[in-house]
Amino acid sequence: LQAQIQALMSPKVGLMTAQPYHKYEPKTNRKPGWDLNGAAVVLEIDSGEVLAAVSVPEMPLDMLRDESEKIFNDHLNQPYLNRVVSRPYQPGSTVKPIVLASAVSAGRLSAGEQIECTGYLDPNNPDGIRCWIYKEHGLTHGHLFGHEAIMHSCNIYFYTAGRRMGLQRLSQWYDKFGLGHVTDCGLPEEVAGDLPDPNRPATGQDVADATFMGIGQGPIRWTPIQAANAYATLARGGTWTPPTFINDQDRAESRPHIDLHLNAAAV
């Protein structure tokens, strides 16, 4: 599995090359056909063991031996960085299932409730906080149940969920899923990512932060291994356990298994 994923993520295959529809940042100026960087991680759900983990671009041992300056002076691509555990990314819409399960479990949404997507969040400001389908096509999703909102990736539904949760409660639930602290996967280079302190004093920015955190934007970043483990937690029905690169019986027996008490209908 490791070899297959590593082969698929070679730029020669084409999956990890820039496409015409990608958005480009001025500081990188990457054009279609240029190599992309990224990471992939696969966990065994029941055990949390890492089955495969790939970070590109690679850092081959012969290059590390013979061309180390080339590796460590490449500040754009950073081949020395293990992106699986050491590079936090803004999650975007990948957090929407986490938000739904959390909001229903916290009693801020009902599993059978519909929320209407009118295309924009503020009725008095149609050019403000919008759903992607309205921004791109002038359309709306109409009334949606939670699973439909995930299927259509409706921003209005999850903006609303974020606001109902509020910054403190939403941060607490993200924390339960493992954001904002290292997973203790066994690699010393792991970083915690970013998450607002749920106990910070209230500010005028809290409502805006909670709104955008509902769709994985704003002051939130996670690593690929945190993302995979959050989904594994959902797949286990709400039991969080740390992922691990280390196959050790003593370690396996000491790893915690924490029941988040997720609403079963939401899961």
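1. In this predicted model, helix H8 and helix H9 (residues 206-213) pack against each other at an angle of about 100°, and their axes lie 7 Å apart. Because angles of 65 to 115 degrees count as roughly perpendicular, H8 is roughly perpendicular to H9. On the H8 side the contact is made by Phe158, Tyr159, Gly162, Arg163, Gly166, Leu167, Leu170, Ser171 and Tyr174, while H9 brings Asp206, Val207, Asp209, Ala210, Thr211, Phe212 and Met213. Sorted by class, the contact of H8 with H9 has nine nonpolar, four polar and three charged residues.

2. A reader new to the model may wish to look next at H8 itself, which covers residues 155-176 and spans only 23 Å between its end C-alpha atoms, whereas a straight helix of 22 residues would span 32 Å at 1.5 Å a residue. Where does H8 bend? The bend, of about 100°, is at glycine 166, and Gly166 is also among the H8 residues in contact with H9. Just after H8, glycine 178 takes a positive phi of about 105°.

3. H8 has a further packing partner in helix H5 (residues 96-105), with an angle of about 70° between the two helices and a distance of 9 Å between their axes. That angle makes H5 roughly perpendicular to H8. From H5, the residues Lys96, Ile98, Val99, Leu100, Ser102, Ala103 and Ser105 meet Asn155, Tyr157, Phe158, Ala161, Met165, Trp173 and Tyr174 of H8. By class, the contact of H5 with H8 has ten nonpolar, three polar and one charged residues. Phe158 and Tyr174 of H8 take part in this contact, and Phe158 and Tyr174 are also listed in the contact with H9.

4. Two local backbone features in loops deserve a careful look. Most residues other than glycine have a negative phi, and most peptide bonds are trans. A cis peptide bond, with omega of about 5°, joins valine 56 and proline 57, and proline 57 is placed in the loop between strand S2 (50-56) and helix H2 (61-66). Glutamine 78, a residue other than glycine, has a positive phi near 45°, and its place is in the loop between helix H3 (68-72) and helix H4 (83-86).

5. As for the overall fold, the protein chain has eleven helices and six strands. The radius of gyration of the chain is 20 Å, close to the 18 Å that the globule rule gives for 267 residues, so the chain is as compact as a globular protein of that length. Taken along the principal axes, the C-alpha atoms fill a box of roughly 60 × 50 × 35 Å.

Conventions
Residues are numbered from 1 along each chain as its sequence is written. This is a predicted model: local features need pLDDT of at least 70, side-chain atom pairs count only at pLDDT 80 or more; totals for chains, interfaces and linings use all residues. Side-chain values use heavy atoms; hydrogens and water are left out. Helices (H or I, at least four residues) and strands (E, at least two) are DSSP runs, numbered from the N terminus. The expected span of a helix is 1.5 Å times one less than its number of residues. The bend at a residue is the angle between axes fitted to the seven residues ending there and the seven starting there. Axes are lines fitted to C-alpha atoms, for helices over the stretch in contact, and angles run from 0 to 180 degrees between N-to-C directions. Angles under 35 degrees count as roughly parallel, over 145 as roughly antiparallel, 65 to 115 as roughly perpendicular and the rest as oblique. Contact means heavy atoms within 4.5 Å. Ala, Val, Leu, Ile, Met, Phe, Trp, Tyr, Cys and Pro count as nonpolar, Asp, Glu, Lys and Arg as charged, and the others, Gly among them, as polar. The radius of gyration is taken over C-alpha atoms; the globule rule is 2.2 Å times the number of residues to the power 0.38.
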